[in-house]
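Let's take a walk through a protein chain together. Have a look at the picture first, then read on.

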Amino acid sequence: MSLMPIKIDDIYESEVLFLENEGAGVCKVKGITVFVPKTLVGEKIRFRITEIKKNYARGKLIEIISPSPDRTESLCPYYEECGGCDLRHQSDNKNLEFKRQKVQTAVSKIGKINIKVEEIIPSFKNENYRNKASFKVEEDRIGFYGSGTYQLVDINYCRLLEEEINNALSVIRKYLKENKNDIKEVTIKHGNAMNELLIDIYSTNKKDAKIKDYLVSNVVNLKTLVFNGKIVYGNGYISQISNGLMFNCSADSFFQVNGVTAEKLYETAIKEAKLSKNDVVLDLYSGTGTISSIVSSYVKKVIGIEIVEDAVLDANCNIRINNISNVKFICGDAAKEISKIKEQIDVIFVDPPRKGINRDAIAIMKKISPRKIIYISCNPVTMARDLSYLSNMYDVKKIIPVDMFPKTNHVECVCVLKLK
Ligand SMILES: C[S@@+](CC[C@H](N)C(=O)[O-])C[C@H]1O[C@@H](n2cnc3c(N)ncnc32)[C@H](O)[C@@H]1O
């Protein structure tokens with residue numbers, strides 16, 4: 001029998017004490033910590049207990065008894081159920097403050113690093129900023145899973161997405177309504193260079209490949225279509241312009257989703273690196289080669305390491321189209337490939353996925369001992385952990401958050417590390 005003094009479906013009233021790392025409000029009832037999403041600090045709320053774990057519980061908001069002055073209209077009809085954004089009810093200024101504080105807490109508590117996190121660089125746009133979306137499909141319904149569930153929320157229009165993606169979504173929705181199908185997932189990417197779309201469809205039935213003719217006729221700016229991993233229309237990529245360079249990007253290659261703000265992210269990273277013409281730079285987790293290409297004109301040589309083969313193909317194409325001759329890409333696992341590097345590296349740019357830098361890769365980064373490491377991260381928790389692993393050899397000089405994901409709890413950071 002549970003010794004918890006609270007039960008599922010119990011209803012409580014409480015005050016929200018603070019927001020946890022992922023933006024849910026934290027309340028205390030009968031000594032138990034309860035996470036209640038879509039609430040704000042200082043609000044008095046009524047909520048129902050939905051889940052009980054060993055040391056905490058989760059609740060669903062029923063009523064806001066006294067709202068916070070920082071509460072705003074979400075302006076989204078799906079907001080209650082959708083898992084797409086989680087802080088749409090928070091004013092933009094407070095959202096920026098929350099993110100800076102979230103980074104500060106991670107760095108101080110997890111990283112044990114004594115530094116004041118810089119002011120956050122805001123996003124250029126707070127709505128319609130995403131150039132990529134992956135939708136789930138169930139028969140004639142298309143949208144996102146609800147927060148923490150596998151329940152599809154049927155979405156007509158998403159306020160985070162660029163208009164071109166919403167337009168293509170309407171066309172696909174119409175097709176799904178008119179055609180029985182086994183499509184499970186659709187990803188749409190928008191390229192800003194030529195205002196073109198890449199659509200990538202996964203279906204359990206190859207007969208669904210007939211969607212090609214429909215999309216070619218009805219999506220005016222369709223550049224390329226991928227069906228079950230095969231290019232069935234166009235040449236397989238769209239193009240993005242960033243920091244004055246052109247980047248081809250195919251279905252499986254990474255490109256920052258908030259394109260305009262990414263320019264600011266890269267500018268900040270490069271400015272803080274204080275590069276010189278004789279530097280040899282390593283770009284770990286290099287994706288389509290954005291950082292390598294942008295950095296190339298400041299230094300002697302750049303080596304990029306990336307695991308996704310298509311991203312490396314794109315990256316090689318990107319240096320060609322941008323007339324860059326001092327960058328070399330290696331396709332492989334960062335931890336393995338970094339150990340094979342023979343040259344003296346002066347600066348490392350490292351921009352890993354959410355799980356952070358592989359522990360072996362960190363050990364080799366330390367062995368290489370560049371004079372500077374510029375660590376770009378989209379996860380303050382793993383970033384703080386990695387900074388603490390590096391901190392016996394490197395001083396963390398600056399941490400600059402960048403708001404790449406308005407209306408959500410997510411934040412990007414540029415960290416500047418200097419060899420002691
Ligand atoms: C956050 S993205 C950064 C990409 C690039 N720096 C940019 O700004 O567009 C992380 C990249 O790491 C790559 N990646 C993930 N695991 C990897 C690994 N073990 N070794 C090398 N690259 C990896 C992903 O494919 C992705 O392209």
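What you see is a predicted model, where local features need pLDDT of at least 70, side-chain atom pairs count only at pLDDT 80 or more, and totals for chains, interfaces and linings use all residues. Residues are numbered from 1 along each chain as its sequence is written.

**The whole chain**

The chain has 9 helices and 22 strands; helices (H or I, at least four residues) and strands (E, at least two) are DSSP runs, numbered from the N terminus.

The domain bounds below come from an automatic or database domain assignment.

| Domain | Residues |
|---|---|
| domain 1 | 11-66 |
| domain 2 | 95-125 + 258-419 |
| domain 3 | 132-238 |

Taken over C-alpha atoms, the centres of domain 1 and domain 3 are 36 Å apart.

**A helix pair**

Helix α1 (residues 92-110) packs with helix α9 (residues 380-390) at about 35 degrees, and their axes are 8 Å apart. Axes are lines fitted to C-alpha atoms, for helices over the stretch in contact, and angles run from 0 to 180 degrees between N-to-C directions. On the α1 side, the contact uses K102, V103, A106, V107 and I110. Residues of α9 in the contact include P380, M383 and L387; being in contact means C-beta atoms, placed from the backbone, within 7 Å.

**Around the ligand**

Which residues come nearest to the ligand? Of 19 around it, they are F254, Y285, G287, I307 and A334, with "around" meaning a C-beta atom, placed from the backbone, within 6 Å. Elements giving two or more residues to this shell are α5 (290-296) and β17 (301-306).

Methods:
Two residues are in contact if their C-beta atoms, placed from the backbone, lie within 7 Å.
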